[in-house]
Amino acid sequence: MAQLKAARVADVPMALDVLAAGAPATSAILAEVDAAGARSAAAGGGGGGGGQRFAVIGHRGKGMNALASPDRRMQEVKENSLRSFNEAARFPVDYVEFDVQVTKDGCPVIFHDNFIFTKEDGKILDKRVTDLQLEDFLLYGPQNEQGKGGKPLLRKLKDGRIVNWNVQSDDPLCTLQEAFEKVNPRLGFNIELKFDDNLEYQEEELTCILQAILKVVFEYAKDRPIIFSSFQPDAAQVMRKLQSTYPVYFLTNGGTEIYADVRRNSLEEAIKLCLASGMQGIVSEARGIFRHPAAVPKIKEANLSLLTYGTLNNVPEAVYMQHLMGVNGVIVDLVQEITEAVSELITVPEPDLNADNLSNGAAKDAATPHFSQCEISFLLRLIPELVQ
């Protein structure tokens, strides 16, 4: 039986027996888990983890930087950097996920935020990443050239505060080409095609941006597994039209946030978009899966792969439950902790791992933890508390 690493039943307060208001009933979720396993198996989806590889993917490398978090692990190494990617490669992760934007002069660079901040003469200045020339973009933060100092790199937090981007192990900003050239070749790349939610994009503009990214991928990827993903529905569709070599996944909040574009507002809409566009999978916020477990068998019956992201994926119990529900893989920040916690579900990736393994189950079978009904019920009581 798999050993739970983050919590023992005896250590959990009895308050967990009372589900948070609005959370799905334990019995209902348990029924959905059982049904998902049966229906996914019937559809060839390998529900409950049977016969499929369970993938662990490093979020922005070895984890995103949460600069306001008291957890020092969230400021350990600069996110979306060569150092972070190669640090993640020390652990049995299949892919690293990172964000790609294209500079004004057409170079794909790796950076999450839409705006980059610095301080000059005591004033805070910001520029949109896609309005910068490559040469200007690379001037921010530490520099590769020894003895050369870059512009101070600041970051705007969700609450509006602007702070120094201080991490324990810093690294220069980098391009997509550098990642292909300098990151451990066994690692797959989950390339998020990053676009600003507050801007409208025409197909011609999207095509130009995506072609710049594809030019680098086709020239430097070699045998490295690649997955494309995007929250921008049109960008995901255009990328699928432009190439059929690599899988394209649609990123969604799974109904946990509402947008003007209805395609982004539910797992059901995500399924429809993928089927209409020939995409291969969905990447959902983990809370969306726990709030709507009935969507999992629908995704599997549609022959789509399902990955998840979000802070819940840093909780081993939440990851175990997703494996039981038929989720194909998780994007995590705490790479070391989660790969250790789910070591029975994963094996060290082979150098020739194919990205399609996430959807066709062609990789080695993963060991499946065996839980009693009592243990599953405990986990299902725990998860809604976390979801809230």
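Biologist: How many salt bridges does the structure hold?

Modeller: The cut-off is a side-chain nitrogen of Lys or Arg within 4 Å of a carboxyl oxygen of Asp or Glu. The predicted model holds 19 such salt bridges.

Biologist: Which residue forms a salt bridge with Glu79, and which parts does the pair tie together?

Modeller: The partner of Glu79 is Arg60, with 3.0 Å between the closest N and O atoms. Both residues lie in the loop between β1 (55–59) and α2 (82–88), so the bridge ties together parts that are 19 residues apart in sequence.

Biologist: Are Glu79 and Arg60 buried or exposed?

Modeller: Buried means under 20% relative accessible area. Glu79 has 3% relative accessibility, so Glu79 counts as buried. Arg60 is buried as well, at 8%.

Biologist: Where does the salt bridge of Lys78 lead?

Modeller: The side chain of Lys78 meets that of Asp170, at 2.7 Å from N to O. Lys78 lies in the loop between β1 and α2, and Asp170 in the loop between β7 (162–164) and β8 (174–175), so this pair ties together parts that are 92 residues apart in sequence. Lys78 is buried, with a relative accessible area of 3%, whereas Asp170 is partly exposed at 29%.

Biologist: What is the distance between the closest N and O atoms of Arg287 and Glu285?

Modeller: In that salt bridge the distance is 3.4 Å. Arg287 is partly exposed, with a relative accessible area of 25%, and Glu285 is buried at 9%.

Biologist: Which residues do salt bridges with shared partners join into one network?

Modeller: The network consists of Arg60, Glu79, Asp113 and Arg155.

Biologist: Turning to β1, which way do its residues point?

Modeller: In a regular strand, side chains alternate between the two faces of the sheet. In β1, Ala55, Ile57 and His59 point one way, while Val56 and Gly58 point the other way. The strand is mostly covered, with five of its five residues buried.

Biologist: Which strands pair with β1?

Modeller: Strand β14 (residues 329–332) runs parallel to β1 and is joined to it by four bridges. Within this pairing, Ile57 stands opposite Ile331. Strand β2 (residues 95–102) also pairs with β1 in the parallel sense, over three bridges. There, Gly58 has Val96 as its bridge partner.

Biologist: What is the handedness of the crossover from β1 to β2?

Modeller: The chain passes from β1 through α2 to β2, and this β-α-β crossover is right-handed.

Conventions. Residues are numbered from 1 along each chain as its sequence is written. This is a predicted model: local features need pLDDT of at least 70, side-chain atom pairs count only at pLDDT 80 or more; totals for chains, interfaces and linings use all residues. Side-chain values use heavy atoms; hydrogens and water are left out. Helices (H or I, at least four residues) and strands (E, at least two) are DSSP runs, numbered from the N terminus. Buried means under 20% relative accessible area, exposed over 50%, partly exposed in between (1.4 Å probe, protein chains only). Two strands pair if DSSP finds at least two bridges between them. A crossover is right-handed if, with the strands pointing away from the viewer, the path from the first strand over the helix to the second runs clockwise.
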